[in-house]
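Subject: A structure for you to look at

Hello,

Here is the structure I promised to pass on to you. Please open it alongside this email, and then read on for what turned up.

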Amino acid sequence: PLVVSTSADDANIEASAWSTTDAHSAALILQKSSSATINTLAATAAGERLGTIEAHGVNTSSARKAAAQIRFEGDAAPDGDSVPGRIIFATSDLDDAGTPTERMRIDDSGNVGVGCTPSVANSTNSLFDLKYNSYLLWQTHGSDADERAWGFKNSYSVKGTFGLVSSNADDNVLDTSVMSWSKEGDVGIGTTAPDTALEVSAVDDCTIRVTSTAQTDTNYTHFQ
């Protein structure tokens, strides 16, 4: 292996390209062949690791451990002119003993999974998947008492529901249900478990107001 070390300074590896041609550039190329003989090219397989970029730190036992990594793998069997690939982003927490856990994946179709493997149910379109029981969060600035964080969560409180949630203070803790949808299609406002087509629940007076600025015979609420 090639080791570059410095003391009390940055350690850098630089590749520079000098050209007036737009397509010329510096490149980091990681190559894998399924052969133990150098310079012998043999087809790689789906799931085979093709390259890794990894960052290490040192734990309190003075042991070097991986903190984060980017892995490049085959995503499907290659053919005569292509090697389908995927990119995996992984990080370590305090429980994985230096073996980074996958957090995000981009597959060979461009589908993205965060905390999960991208779904292939609709592989003709690029998808963005979040793992079960997770949030999609819009944070607050943390500087105004009137600000609130907002987000969506699947399986919110009750399995199979989808919820619009907010924080009840200027923080990023999504602890207040605003609206929810059940797996049957029922809609709840102020409840996480609607059992009718539309259920409205409130701690104080429950009021539904319908107003119109145009006074015509066609402006009305019709109950049938």
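Below are some notes on aromatic pairs, salt bridges and one glutamine. Please keep in mind that this is a predicted model.

Aromatic rings

Searching the whole structure gives 3 aromatic pairs. Phe152 and Phe162 make a stacked pair, because their ring centres are 5.4 Å apart and their planes stand at 15°, under the 30 degrees that counts as stacked. Phe152 sits in strand β8 (residues 150-154) and Phe162 in strand β9 (residues 162-166), so this pair ties together parts that are 10 residues apart in sequence. Phe162 also pairs with Trp181: here the centres are 6.0 Å apart and the planes are at 45°, so the pair is tilted. As for accessibility, Phe152 is partly exposed at 29%, Phe162 is partly exposed at 37%, and Trp181 is partly exposed at 30%. Ring pairs join Trp138, Phe152, Phe162 and Trp181 into a cluster.

Salt bridges

There are 7 salt bridges in the whole structure. One of them joins Lys32 and Glu48, whose closest N and O atoms are 2.8 Å apart. Both residues lie in the segment before β1 (49-58), and the pair ties together parts that are 16 residues apart in sequence. Lys32 is partly exposed, with 37% relative accessibility, while Glu48 is buried at 17%.

Another salt bridge brings together the side chains of Arg71 and Glu73, at 3.3 Å from N to O. For a contrast in setting, look at Glu184 and Lys183, whose side chains meet in a salt bridge of 3.5 Å, N to O. Glu184 is exposed, with a relative accessible area of 56%, and Lys183 is exposed too, at 62%.

Gln69

Finally, have a look at Gln69 in strand β2 (residues 64-74). Is Gln69 buried or exposed? With a relative accessible area of 7%, Gln69 is buried, because buried means under 20%. The side chain of Gln69 makes a polar contact of 2.3 Å with that of Glu54 and one of 2.5 Å with that of Arg71. Beyond its neighbours within four places in sequence, Gln69 is in contact with several residues, including Thr52, Ile88, Phe89 and Pro100.

Enjoy exploring!

Best wishes

Notes:
Residues numbered from 1 in each chain as written. Predicted model: local features only at pLDDT ≥ 70, side-chain atom pairs only at ≥ 80, totals over all residues. Heavy atoms only, no water. Helix = DSSP H or I, 4+ residues; strand = E, 2+ residues; numbered from the N terminus. Buried < 20%, exposed > 50% of the residue type's maximum accessible area, 1.4 Å probe, protein only. Polar contact = N/O pair within 3.5 Å; in protein donor to acceptor, adjacent residues only side chain to side chain. Contact = heavy atoms within 4.5 Å. Phe/Tyr/Trp six-rings, centres within 6.5 Å; stacked < 30°, edge-to-face > 60°. Salt bridge = Lys/Arg side-chain N within 4 Å of Asp/Glu carboxyl O.
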